[in-house]
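Walk through this fold with the coordinates open.

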Amino acid sequence: MEKQIQLCTFRLGKLLLGIDVLSVQEVIKCPALTPVPLAPSEIEGLLNLRGQILTAIDLRRQFSLPEDAGANDGAKMLIIVRTRKVEAALIVDSVGDVIDVSDETFEQAAVNVPASVRPYIVGVHKLEKRLLHVLDAEATASISSSPTL
C-alpha cells in the first residue's frame with residue numbers, strides 16, 4: 001500500500017518546492033518586518049504574529065539563489081512553519097496549491113544538488129511535466145542548520 005502525503009507548494013523563481021502541510025500553520029502576505037542588526041543574511045527580520053515573535057527567513061538567501069530584480073516585494077508571501085523544535089516564517093515568491101503525492105513518484109535528491117541546498121532537500125516528486133523538490137520543514141526553518149561557506 002502506497003503512502004500518500006499532502007504538500008504545500010510554493011515557488012522561488014522557477015523552482016517548484018513543497019513542504020509537508022502538517023508543518024504549515026498558515027500562509028499570509030508578507031507584512032513589514034522589523035530588521036535585526038548583525039543577524040545572518042538569510043534573516044530578513046522579525047514578525048509579530050498575534051503576539052508571538054517569529055523569525056522571517058528569506059529562502060532565496062538561505063538557498064544561495066540570486067535575488068529576483070523583477071520581483072515585487074509586496075507580492076512576497078510568508079509560510080508560517082511550526083514543528084516540534086522550530087517555528088519560523090519562510091519568505092517565498094508565491095504560494096501554490098496543496099497537492100497529494102505518493103511514494104511511487106518520490107525519488108531521493110540527486111547527488112549533484114548544490115551543497116548550499118542539500119541539507120534542506122528531502123527528495124523530489126516526479127509530477128506531470130515538472131519536478132517538485134520536497135523540503136525538510138525543520139531544517140529549512142532552523143537558522144542553525146545553515147551551512148557555513
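A residue counts as buried when its relative accessible area is under 20%, and as exposed when that area is over 50%. Values in between make a residue partly exposed. Keep these cut-offs at hand; the model is a predicted one.

Start with Arg60. This residue sits in helix H1, which spans residues 59-62. Is Arg60 buried or exposed? Its relative accessibility is 5%, so Arg60 counts as buried. What does its side chain reach? The side chain of Arg60 comes to 2.6 Å from the backbone oxygen of Pro66. Now leave aside the neighbours of Arg60 within four places in sequence. Its contacts are then Leu12, Gly13, Leu65, Pro66, Glu67, Asp68, Lys76 and Asp93.

Asp93 is the next stop. It lies in the loop between strand E7 (87-92) and E8. Asp93 counts as buried because its relative accessibility is 17%, and the cut-off is under 20%. Its side chain reaches the backbone nitrogen of Gly13 at 2.6 Å. Which residues does Asp93 contact, apart from neighbours within four places in sequence? They are Arg11, Leu12, Gly13, Arg60, Ala75, Lys76 and Met77. Leu12, Gly13 and Lys76 are among the contacts of Arg60, and they are also among the contacts of Asp93.

Turn to the backbone. Most residues other than glycine have a negative phi. Two residues here are worth a look. Ser64 has a phi near 55°, a positive value in a residue other than glycine. Ser64 lies in the loop between H1 and strand E6 (77-82). At 45% relative accessibility, Ser64 is therefore partly exposed. Lys129 has a positive phi too, near 65°, and is likewise a residue other than glycine. Where is Lys129? It is in the loop between strand E10 (121-127) and strand E11 (130-135). With a relative accessibility of 82%, Lys129 counts as exposed.

Now the sheets. Strands of a sheet pair through backbone hydrogen bonds, either parallel or antiparallel.

Strand E1 (residues 4-12) and strand E2 (residues 15-20) run antiparallel, joined by 6 bridges. What is the bridge partner of Cys8 in E2? It is Ile19.

Another open sheet has 5 strands. Their order is E3-E6-E7-E5-E4, again with mixed pairing.

Finish with E6 and E7. They pair in the antiparallel sense over 6 bridges. Ile79 has Leu90 as its bridge partner in E7. The loop that holds Asp93 lies between E7 and E8.

Methods:
Residues numbered from 1 in each chain as written. Predicted model: local features only at pLDDT ≥ 70, side-chain atom pairs only at ≥ 80, totals over all residues. Heavy atoms only, no water. Pairing = 2+ DSSP bridges. Helix = DSSP H or I, 4+ residues; strand = E, 2+ residues; numbered from the N terminus. Buried < 20%, exposed > 50% of the residue type's maximum accessible area, 1.4 Å probe, protein only. Polar contact = N/O pair within 3.5 Å; in protein donor to acceptor, adjacent residues only side chain to side chain. Contact = heavy atoms within 4.5 Å.
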